Amino acid sequence: MQTDATAGWEPDWSQAPEGWDWLAQDEDGRWYWYRTEPTVGVGGGVWRSNSRNQQYAGQGRPNPAWDESLRRRPD
């Protein structure tokens with residue numbers, strides 16, 4: 001469920017690389033695809049994953065509820 005803080009533009013799963021089953025937004029509004037489930041980067045406003053396992057997906061609005069943005073690819 002999206003809240004007012006997370007409402008707005010979100011990348012479309014049709015654009016996700018095959019096998020990249022996670023999507024999350026950083027506090028600054030940047031969305032990333034992830035090959036492995038990322039973890040919350042404490043104190044940084046970002047999701048963490050090995051750099052080989054993340055790919056830029058697009059720019060949205062800054063999101064103060066960024067730590068609630070993690071999505072798994074729909075079945």
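Trainee: Which residues does Asn53 touch, not counting residues up to four places away in sequence?

Mentor: The model is predicted, so local features need pLDDT of at least 70 and side-chain atom pairs count only at pLDDT 80 or more, while totals for chains, interfaces and linings use all residues. Residues are numbered from 1 along each chain as its sequence is written, and side-chain values use heavy atoms, with hydrogens and water left out. A contact means heavy atoms within 4.5 Å. By that rule, Asn53 touches Trp20, Trp33, Tyr34, Arg35 and Thr36.

Trainee: Is Asn53 buried or exposed?

Mentor: Asn53 sits in the loop between β4 (46-48) and β5 (54-59). Buried means under 20% relative accessible area, exposed over 50%, and partly exposed in between (1.4 Å probe, protein chains only). Asn53 has a relative accessible area of 17%, so the residue is buried.

Trainee: How far apart in space are Asn53 and Glu37?

Mentor: In sequence, Asn53 and Glu37 are 16 residues apart. From C-alpha to C-alpha, the distance between Asn53 and Glu37 is 9.0 Å.

Trainee: Which residue in the turn between β1 and β2 has a positive phi?

Mentor: β1 and β2 form a hairpin, with four residues between the strands. The residue in that turn with a positive phi, about 100°, is Gly29.

Trainee: What is the bridge partner of Leu23 in β6?

Mentor: β1 also pairs with β6 (residues 71-72), antiparallel, over two bridges. In β6, the partner of Leu23 is Arg71.

Trainee: How many strands does the chain have?

Mentor: Along the sequence the pattern reads β-β-β-β-β-β. There are zero helices, and the number of strands is six.

Trainee: What is the radius of gyration of the chain?

Mentor: The radius is taken over C-alpha atoms, and the globule rule is 2.2 Å times the number of residues to the power 0.38. For 75 residues, a compact globule would come out near 11 Å. The chain agrees with that, at 11 Å.

Definitions and conventions. Two strands pair if DSSP finds at least two bridges between them.
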